[in-house]
Every structure is written in C-alpha cells, then in structure tokens.
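User: Hi! Could you walk me through the charged pairs in this one?
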Amino acid sequence: MAANTVDSKIISPITEDGSMDRRGNPAVKANTGKWKSSILLLVNYGLVTCAFFGVGVNLVVFLRRVLHQDNAEAANSISKWTGTVYIFSLIGAFMSDSYWGRYITCAVFQMIYVTGLVILSLTSWFLLVKPSGCGDEETACDPPSTAGVALFYLSTYMIAFGNGGYQPSIATLGSDQFDETDPVEARSKVAFFSYFYLALNVGSLFSNTVLVYYEDAGQWVMGFWVSAAAAALALVLFFLGTPNYRYFKPSGNPLTRIAQVLVAASRKWSADAPTRGDLLHELDGDESYRDAGIRKILHSDQLRYLDKAATMTEEEYRNLESLKNPWRLCTVTQVEEVKCILKMLPIWLCTIVYSVVFTQMASLFVEQGTTMNTNIGSFHVPAASMSVFDILSVLAFIAIYRRVLVPVMARLSGNPQGLTELQRMGVGLVIGMAAMVVAGLVEVERLKRVPPSAPDQPSSLSVLWQVPQYALIGASEVFMYVGQLEFFNGQAPDGVKSFGSSLCMASISLGNYVSIMLVSAVTSLTAGDRRPGWIPGNLNSGHLDRFYFLLAGLSLVDLAVYVACAMWYKGIKLDSNEQRGKVPVHV
C-alpha cells in the first residue's frame, strides 16, 4: 500500500511544491517547467553574462587607458563596482521574495540592465573614446570630459544595479522549474546549479576571448554595443518562455517576520521554553502556509532562545486573543525561518575571504599580466584574456566533477551527491589558497626577469605562466560557488529563497570591498618616502608576491574557522508529512 502511495506521488500530473502556472493554477508537469523552461533561462543567463563580462573583464584597462586612472585607483574602482553589482543582489532578492516574485523581478532588472548598456555604448562613442580607436597600447585618448565621466559612472552603476538585482532571482526561478517532491525532478534540480554556473562561464567565454581582444586594440565602442545587443536578445528570449514557466507567490516582507520573532522572544526572556518541539505553538494543517507560499518547517534544537517566541505562557492560555498577535506569539515555522537564516550566516561570513581571493582575477591578475611578456610569437595576448583559462578550467572541472568525482565519492561516502555542499565549499577554500601561493611564486619569477637596465619595461617572463593560477581559481569556483548556490538555495526557507541565492552574490560583493580595504591598508603601510610599497604604480618596483602570500595566509585562518562552523551546522528539515524533508547538511 505504501509503495502505491509513493508511486502515485511520483506520477502526479501536477506539481506538489506549491508552484503555479501563469494563471495561478497548480502547474501541470507535462506543460510547464522542467528542462524545457530551464534551458531557456540558462541561455538567457549565458547571454546576460556575456554582456556583463563584455564590459567588466577589461574595465580595469578602460579606466587606465581612457579615463587615465593609475593602477591602484583602477583596481579599487573595479573592486567598488564589482562589489556594488553583488550588493544590489540583496535588493533584487528582497523584492523577489517579498512583493514582485521571481519573474517580474528578473524582467524589471533586465530592462534596467539593457538601458545601462545602451547609455554606456553611446557615452563611449560620442564622449569618451576620442580620437576613435584610442585606448590601445599605442594611441592615447584625450582627457575625458566631466559630462563623459558622469555618464560613464551613471551607466556602469545602472549595469551594476540591473545585473545585481537580476542574478539571485534568475538562479531561483531556474531551480523553481523542478518539483523537488518528484524524485526525478529533484535530481534535475541538483544538476541545474552546475549547469547554471556552466552557463555563466560559457557566456563569458566569448567576452574573454573575442571581445577582450578587440577592446584591447581600441575597439571599445564595438565591444560595448555587442554587449548591449546580447543583453537585449536575452530579454527577448526571457519573455518568450513566459507561458511555460512555473511561478511561486511572493511571501511578504521577511523582515517583518524576523522582527516579530525577535520581539516575541525578548518579551519572554524569563520564560522557560519546552524542550519538546511539539509543545510549541504551531498552526494545524498546511493551508495557511500554502496560501502564503511557504511550507511548514520542523523544530530544531539549535538557538533554543528563539523558541521562547513560540512558547505559550499562562497569560496567553487565559487570553486566546493573544494567539492572533504575531508580535507576542509566533509559530514554530516562523521561528525556524529565523534560525535558518542565523545558522547560515557564519558559513556565509567564512566565504568572504575566498571572494577576496576570487576578485584578484579581475584586477591584480590583469595588472600582473600587463607587466609580463604578452607576445606569443607574432601574436599579442591581451592580459585580460588570460581569464579564458579560468573559464576553461571551470568547464573542465564541472564535467570532471559530475562524471568522475560524484560516482566515485557516492560509492565511498554513500551520499548520492558525492560530497555535501559544505564539503565542496571547504575543498574550494583549499584550492583558492593554493592559487594565491602559485600566483605569488609566479610574481617572484616575474620580478627576477625584469631587465635591470629598463626597470619600467615588462618582464621577459611569458604571460602563459599565469595559466596555473587562473586554472586553480576556476577549479576552486566549481567547488565553492556551485556548492554555495546549492547550499544557500536549498537551506533557505521558502519565504527567502532568493535571499539565499543572493548570499552567494553578496559574498562576492563584500569580498571586493574587503579587497579594497586590504589594498589600501597594504599600500599605506608598505609605501613611504623611499619605499614604493607592495603595489606601486610600477609593479616592477613593488612586491605583489607578498600580497598574494598574505591572502594565502588569511585563507588558511579562514579555512580553520570554516571547518568549525560547518561541523556545528545542522540543516533545515521540512515537514516529513509532506514528504519534503531534507537530509541535514554536515561535514
């Protein structure tokens, strides 16, 4: 009898995770979602990424050659801009979870994104790239006008706002296309995050090879217009999939629900919470939760102080009207939602140091590459295009992980996924630390090969010696960022799914800001009247290698803290009566 029940659930013609079609009816599996919709969203994301990196991957060079910023200023400008991109993801996640839903949020922020790219293209064409074709290694650009600089920053931060707000929602919307109560679709949902990161790297491959080559040769305007066209095409494809997407209702402002738990718990600070979860306040049935677009969460034993918010006092037993006041009494599900967020924060904080390592690829790696021998025979290799080896590494390691490591580790560990999300993130931290050590060793060798008679000239060391550090960063991304996407999306409660996805982007954001502070602190501490410092305008007179080794040391400390946090963490458990329980995540 039990087997028949399970089979009936597996072959149910409609989804059972609360998703709907565009008319608000329960989604029919045969007509909505699954790979048909998610592949369209992956193509959309790939094109958006192509447009983003068409601007971002060589922006540090644009700042130096067209806007005439020095190395440190350009590196900090890039870190601020990239950080802002991902901090805006929190805004997009909030609007998606609270009011607009994933679909409308994606549409609105993509339109802002396309508008920013068009303004940037027009500004570069008419105001900045003067004379035409300047900004290569030979032709200097005229000093930029005030209006040109103002429009440049307006457009680039519109791009940051649009892309940042779009990213967490598209990741969650893509995973929404699979019903996790269906065993077949649940496996596809896990695979989706690997393909999502694959789409990111495939999309950036064209930008990092073709576009960066033309931009480095002074064809900035063409590169920006190609990016704008890619983003516009992505928006058209996104709208084409509208009839077949699966949708979830926004669940209202999560900040209010969080505040209610904190206030209710503080009001009962002297009360003793029951040790048994079934003695805490919870609503009967699932309809009230489903109407709000969320599912019931089972009680957990961590952060027990917050259980006071769901504890019924004698006063509340006497006055049943108080049961309707969420500022005095919350449900177990509401309390567990807050617990889930608080338990994820230590893990998230540990990923910020990795993001500091990752962000060097867009700034100091590029500046290091420009001071190396960028000629291979008669062919010139733009320093920014070396990031193609990061992309190739990601593509290779996603295939290796899914086809080789997962089957092997599944047999050894008994976990169908091979490694848990937290284990994969730990591996990513280790590989990222190794990348910084390798980058430091390459810099040591680069400095040895600077001509003594021409200290301002590039080193004779080939830029291809940067391949290992880029490849290691790519390998670390597969473990760290794919693991992060799965972890934060899977462990976030239903009411804050987009917020869970945005934590990955926010980690990159804070990593950029921490990088700015580190670069500024190192520059001020190591530079003096007669000392050029570790990161001077001319890297040949500095010690960039020591900065890389500093990051490796910080990564080692961060790894130790991360392991402790991961061992403490226990995962979310949804109501098993709905057959949606999740296996606790652990190391």
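Analyst: Happy to. A salt bridge here is a side-chain nitrogen of Lys or Arg within 4 Å of a carboxyl oxygen of Asp or Glu. This is a predicted model, so local features need pLDDT of at least 70, side-chain atom pairs count only at pLDDT 80 or more, and totals for chains, interfaces and linings use all residues. Residues are numbered from 1 along each chain as its sequence is written, and side-chain values use heavy atoms, with hydrogens and water left out.
User: How many salt bridges does the structure hold?
Analyst: There are 15. One of them joins Lys339 and Glu336, at 3.2 Å from N to O.
User: How far apart are Lys339 and Glu336 in helix 11?
Analyst: They are three residues apart, so about one helical turn separates them. Helices are DSSP runs of H or I with at least four residues, numbered from the N terminus.
User: Are Lys339 and Glu336 buried or exposed?
Analyst: Both are buried, meaning under 20% relative accessible area with a 1.4 Å probe, protein chains only. Shared partners link Arg304, Asp307, Glu336 and Lys339 into one salt-bridge network.
User: What does Asp307 pair with?
Analyst: Asp307 bridges to Lys339, with the closest N and O atoms 2.8 Å apart. Asp307 sits in the loop between helix 9 (287-291) and helix 10 (314-318) and Lys339 in helix 11 (residues 332-359), so the pair ties together parts 32 residues apart in sequence.

How values were computed: Helix = DSSP H or I, 4+ residues; strand = E, 2+ residues; numbered from the N terminus. Buried < 20%, exposed > 50% of the residue type's maximum accessible area, 1.4 Å probe, protein only.
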